Amino acid sequence: MEINEIIDFLQGDMNEEIKNKVLEFGNSIMQITGYGANEKQNKKKILETIESGQAYQRFKQLVQQGNGNIDEKLEVAKKIVPIMSGVEGYVEEIDVNKIRMTGRYLGAIKSRTGDSIDRTAGIELVKKIGDTVRAGEIIAYLHTNNENKITQGVSEVKEAYIYLTDCGEVVEL
């Protein structure tokens, strides 16, 4: 899932939140390494590199050097299940440990050395901390190849979200 987002980003489909983080991080790296002291110029140079396609081409070269091919269609999970919010309010917190444990349960993370990984499995968080949420709105997607893991996986992701209602009440599912 993340690799698709990286490819989209490097091809110019830039989510504003990620774009801001990339520019901040890139600027810091440029300043630390002495490639540029001016924040505004550094960010402009980073954007130009992405928009010109240079960043994507360099990424493609790096993948090819590792015997990869980003032109091949990446596999996706057989089941992509939307997870809906049961409450209305704001996302106050997301329990990353629960998300990580759910990822492990789905097979996206190794439990022990030697375990295999299902590279199509995982959790795609749609709603982030601070986002407004309406009851019935999609907060995340569960990606899995194992139908037997859907019910528990959905339940665990819902439990990871902690909401603050308009009344100031903290709600955990």
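**Packing of helices α2 and α3 in the predicted model**

In the contact between the two helices, K19, V22, L23, E24, G26, N27, M30 and Q31 of α2 meet E39, N42, K43, K45, I46 and L47 of α3. Sorted by class, this contact of α2 with α3 comprises five nonpolar, four polar and five charged residues. The coordinates are those of a predicted model.

Two packed helices are described by the angle between their axes and by the distance between the axes. Helix α2 covers residues 16–33 and helix α3 covers residues 39–51. The angle at which α2 and α3 pack is about 120 degrees, and their axes lie 9 Å apart. Angles from 65 to 115 degrees count as roughly perpendicular and those over 145 as roughly antiparallel; α2 and α3 are therefore oblique to each other. The crossing of α2 and α3 is right-handed.

S28 is a residue of helix α2. The relative accessible area of S28 is 34%, so S28 is classed as partly exposed. Between S28 and E39 the C-alpha to C-alpha distance is 8.3 Å, at a sequence separation of 11 residues. E39 is also one of the α3 residues that meet α2.

Because its relative accessibility is 13%, K127 counts as buried. With residues up to four places away in sequence left out, K127 touches V91, I94, T132, V133, E137, I138, I139 and Y161.

For the protein as a whole, six helices and seven strands are found. Their order along the sequence is α-α-α-α-β-β-α-β-β-β-α-β-β. The C-alpha trace spans about 50 × 45 × 25 Å along the principal axes of the protein. Of the 173 residues in the protein, 32% are buried. Among contacts with a separation of 6 or more, 61% are accounted for by residues 24 or more positions apart. The accessible surface of the protein amounts to about 11,400 Å², and carbon and sulfur atoms hold 49% of this area.

Methods:
Residues are numbered from 1 along each chain as its sequence is written. This is a predicted model: local features need pLDDT of at least 70, side-chain atom pairs count only at pLDDT 80 or more; totals for chains, interfaces and linings use all residues. Side-chain values use heavy atoms; hydrogens and water are left out. Axes are lines fitted to C-alpha atoms, for helices over the stretch in contact, and angles run from 0 to 180 degrees between N-to-C directions. Helices (H or I, at least four residues) and strands (E, at least two) are DSSP runs, numbered from the N terminus. Angles under 35 degrees count as roughly parallel, over 145 as roughly antiparallel, 65 to 115 as roughly perpendicular and the rest as oblique. A crossing is left-handed if the near helix is turned anticlockwise from the far one by less than a right angle, and right-handed if clockwise. Contact means heavy atoms within 4.5 Å. Ala, Val, Leu, Ile, Met, Phe, Trp, Tyr, Cys and Pro count as nonpolar, Asp, Glu, Lys and Arg as charged, and the others, Gly among them, as polar. Buried means under 20% relative accessible area, exposed over 50%, partly exposed in between (1.4 Å probe, protein chains only). Accessible areas come from the Shrake-Rupley method with a 1.4 Å probe; for residues, only the protein chains shown count as cover.
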